[in-house]
Amino acid sequence: MAFFVIRYAQKPADHDHPFGHHKAEYLSAVTEGALIVVAALLIVNEAVGYLAEPRMLDAPVLGLAINFAAGVINAIWARLLIRTGRRHRSPAPAAGQ
């Protein structure tokens, strides 16, 4: 979402948006923040359930491998977003640092 919004926000002012499209970045940040909060609440909900009834993990090595791969993908994506944001002089990447 941020990748596309950074590009959209760089569009010049037009008849419908006389001050430009920069507010799209704020809308993107709020949406992404809300999604992170929802994900965190879902994780906490799952964790609390397993505190009451603990059990052994089914595939801990697979889970760690998936988590590592997701971390690498997120690192690559973050670098791309930061580079794109700097190129377009966007405040969005600075907010995420």
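Trainee: Which residues line the second largest pocket?
Mentor: Tyr50, Arg55, Met56, Leu57, Asp58, Ala59, Pro60, Gly63 and Leu64 line the second largest pocket. Keep in mind that this is a predicted model.

Trainee: How much space lies in that pocket?
Mentor: About 180 Å³.

Trainee: Nonpolar, polar, charged: how does the lining divide?
Mentor: Six residues of the lining are nonpolar, one is polar and two are charged.

Trainee: And which helix gives the largest share of the lining?
Mentor: Helix H3, residues 60-87. Three lining residues come from H3.

Trainee: Back to Arg55 and Asp58 from the lining. What do their side chains meet in?
Mentor: A salt bridge, at 3.7 Å from N to O.

Trainee: Is Asp58 buried or exposed?
Mentor: Exposed, because its relative accessible area is 70% and the cut-off for exposed is over 50%.

Trainee: What about Arg55, buried or exposed?
Mentor: Arg55 also counts as exposed, at 51% relative accessibility.

Trainee: How many salt bridges does the count come to?
Mentor: One.

Trainee: New topic, the fold. How many helices and strands?
Mentor: Four helices and zero strands. From the N terminus, the elements run α-α-α-α.

Trainee: What share of the chain counts as buried?
Mentor: 15% of the 97 residues.

Trainee: Last one. Of the contacts with a separation of 6 or more, what share joins residues 24 or more positions apart?
Mentor: Such pairs account for 54% of those contacts.

Note on methods. Residues numbered from 1 in each chain as written. Predicted model: local features only at pLDDT ≥ 70, side-chain atom pairs only at ≥ 80, totals over all residues. Heavy atoms only, no water. Salt bridge = Lys/Arg side-chain N within 4 Å of Asp/Glu carboxyl O. Buried < 20%, exposed > 50% of the residue type's maximum accessible area, 1.4 Å probe, protein only. Helix = DSSP H or I, 4+ residues; strand = E, 2+ residues; numbered from the N terminus. Contact = heavy atoms within 4.5 Å. 1 Å grid on protein atoms, 1.4 Å probe; cavity = no way out; pocket = protein on both sides within 12 Å on 5 of 7 lines; lining within 4 Å. Points joined across faces, edges and corners; volume = space filled by probe spheres on them. Nonpolar A, V, L, I, M, F, W, Y, C, P; charged D, E, K, R; others polar.
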